[in-house]
Amino acid sequence: MHTVAVLGATGSIGGNTLDVIARHPQRFRATVLTAHRQVEALVALCVQHRPELAVIADPALEAELARRLAAAGVRCEVASGPAALTAAAAGNLCDTVVAAIVGAAGLESTLAAARSGKRLLLANKESIVMAGSLLLQAVAAGGGTLIPVDSEHNAIFQCLPGGRPDLDRSGVRRLILTASGGPFRGRSRAELAEITPEQACKHPNWVMGRKISVDSATLMNKGLEVIEAHHLFGAPAEAIEVVVHAQSLIHSMVEYADGSVLAQLGNPDMRTAIAHALAWPQRIESGVPSLDLTACAPLQFEPPDLATFRCLALAYQALRAGGDAPAVLNAANEVAVEAFLAGVLPFLSIADVVEAVLAELPPQVVVDIPTLLARDQEARGVARRVLRDAC
Ligand code: NAD
Ligand code: MG
């Protein structure tokens, strides 16, 4: 029996994770559930899953959470604040941590899980984009394992030799990340000028949180994933290619030196990657229906439009620049996406903000987590100033 902490339980990945867990009560128990501010949604999940601990990130809501849980007849510990999140990730109520908080806010709890040797199921891509090798060092030092949940990386993990990331990779020629292209695939820059947050959040194939939906629309999501793949699989930027595959049936591929290309296919439903990561190295039912290959033929591919979707090019630029450039890119993007969602920044200006912040903060060597967090704050400050000047 695995005990699972679902960090970001009220989100899209959190909900899909709990759906898979509920299908296997003999195998998994959700012992820790956390949310940012959604007290009502968290209480509903606690009623259903009966965890040992519920954490609300906003301390101002702890009393309300405790009151509502008591009223609902749920007896579990209640805690709040960032320190409670990291303690929960590192604590002995769980052996498995699903890192499904969105953004840099997920970094500390992800690191805490890594350091304490948990089975770390990583959805929170921003933490590996920011902390890269420091996060992997923490996993190694803690003696745990990291299993990627992001569908592309989970696909690559499945296509690597023996499905294991620690085996010899000398025969790997290229990693091919597939991208849906987002809701605006095929559009020109002129057609993107007036895009609203609602349009950007309507993804053709996936239902996701608002931040990653905007990232998918700008292709920054694919850019973050290129950096994520670089760290997870030790591949240089030149060996990571992005191909647009609007059907989202092939979730990514690995090309070998002999010309073989292995792909992982399935319906676009995150429960496949989540179930794979939860049960690895075994396989379990996920609730995802079988893929009907004849109904989806022919499979289609096209190159990404880097001139229109500049965020992908900027992410490659940050990866090549090295040091803390990916953390700066991520921080600037988080600020810009928030401004876009708040209706104060045009869609196309997200890339402008990221580019300006990267230009102003040349890469520095990554020393440790405190320095990285300070740099994250610095990049956010610059991004806000750029925003004020632009709006
Ligand atoms: P979401 O917005 O649906 O959910 C985010 C969760 O994090 C919520 O439970 C929220 O309460 C919590 N949260 C937000 N801010 C927080 C904070 N400051 N402190 C503590 N908790 C906070 O997001 P999502 O779509 O589930 O994505 C979660 C992560 O998984 C992201 O990093 C995303 O890039 C990654 N991911 C998502 C998908 C997907 O299909 N949704 C696929 C691959 C990777
Ligand atoms: Mg993905």
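This is a predicted model: local features need pLDDT of at least 70, side-chain atom pairs count only at pLDDT 80 or more; totals for chains, interfaces and linings use all residues.
Along the principal axes, the C-alpha atoms occupy a box of roughly 55 × 50 × 40 Å. The chain holds 17 helices and 11 strands. Of the 391 residues, 55% count as buried.

On contacts: take the pairs that are at least 6 apart in sequence, and 68% of those contacts join residues at least 24 apart. As for the surface, the chain exposes about 15,900 Å², with carbon and sulfur atoms supplying 54% of that area. There are 32 positive and 39 negative charges, and their mean positions sit 4 Å apart.

Now the metal site. Which residues are the protein donors of the magnesium ion, ligand 2? They are Asp150 through OD, Glu152 through OE and Glu225 through OE, at 2.1 to 2.2 Å from the ion. Along the chain these donors follow the spacing D-x1-E-x72-E. Glu152 belongs to helix 7, residues 151-159, and Glu225 to helix 11, residues 220-233; the pair is 73 residues apart and links distant parts of the chain.

Are the two glutamates buried or exposed? Glu152 has a relative accessible area of 9%, under the 20% cut-off, so Glu152 is buried. Glu225 is at 0% relative accessibility and therefore also counts as buried.

Next, the backbone. Most residues other than glycine have a negative phi, and most peptide bonds are trans. Here are some exceptions.

Leu219 is not a glycine, yet its phi is positive, about 70°. Leu219 is in the loop between helix 10, residues 210-218, and helix 11, the helix that carries Glu225. Leu219 is buried, with a relative accessible area of 5%.

Ser248 also has a positive phi without being a glycine, near 55°. Its place is the loop between strand 9, residues 240-244, and strand 10, residues 250-256. The relative accessible area of Ser248 is 5%, so this residue is buried.

Then the cis peptide bonds. The bond from Trp280 to Pro281 is cis, with omega near 10°. Pro281 lies in the loop that runs between helix 12, residues 271-279, and helix 13, residues 293-296. The bond from Ala297 to Pro298 is cis as well, with omega near -5°. Pro298 is in the loop between helix 13 and helix 14, residues 310-321.

Conventions. Residues are numbered from 1 along each chain as its sequence is written. Chains are lettered from A and ligands numbered from 1 in the order in which they are written. Side-chain values use heavy atoms; hydrogens and water are left out. Donors are N, O and S atoms within 2.8 Å of the metal (3.2 Å for Na, K and Ca); water is not among the atoms, so sites may look incomplete. Helices (H or I, at least four residues) and strands (E, at least two) are DSSP runs, numbered from the N terminus. Buried means under 20% relative accessible area, exposed over 50%, partly exposed in between (1.4 Å probe, protein chains only). Contact means heavy atoms within 4.5 Å. Accessible areas come from the Shrake-Rupley method with a 1.4 Å probe; for residues, only the protein chains shown count as cover. Lys and Arg count as positive and Asp and Glu as negative; His and the chain ends are not counted. The place of a charge is taken as NZ of Lys, CZ of Arg, CG of Asp or CD of Glu.
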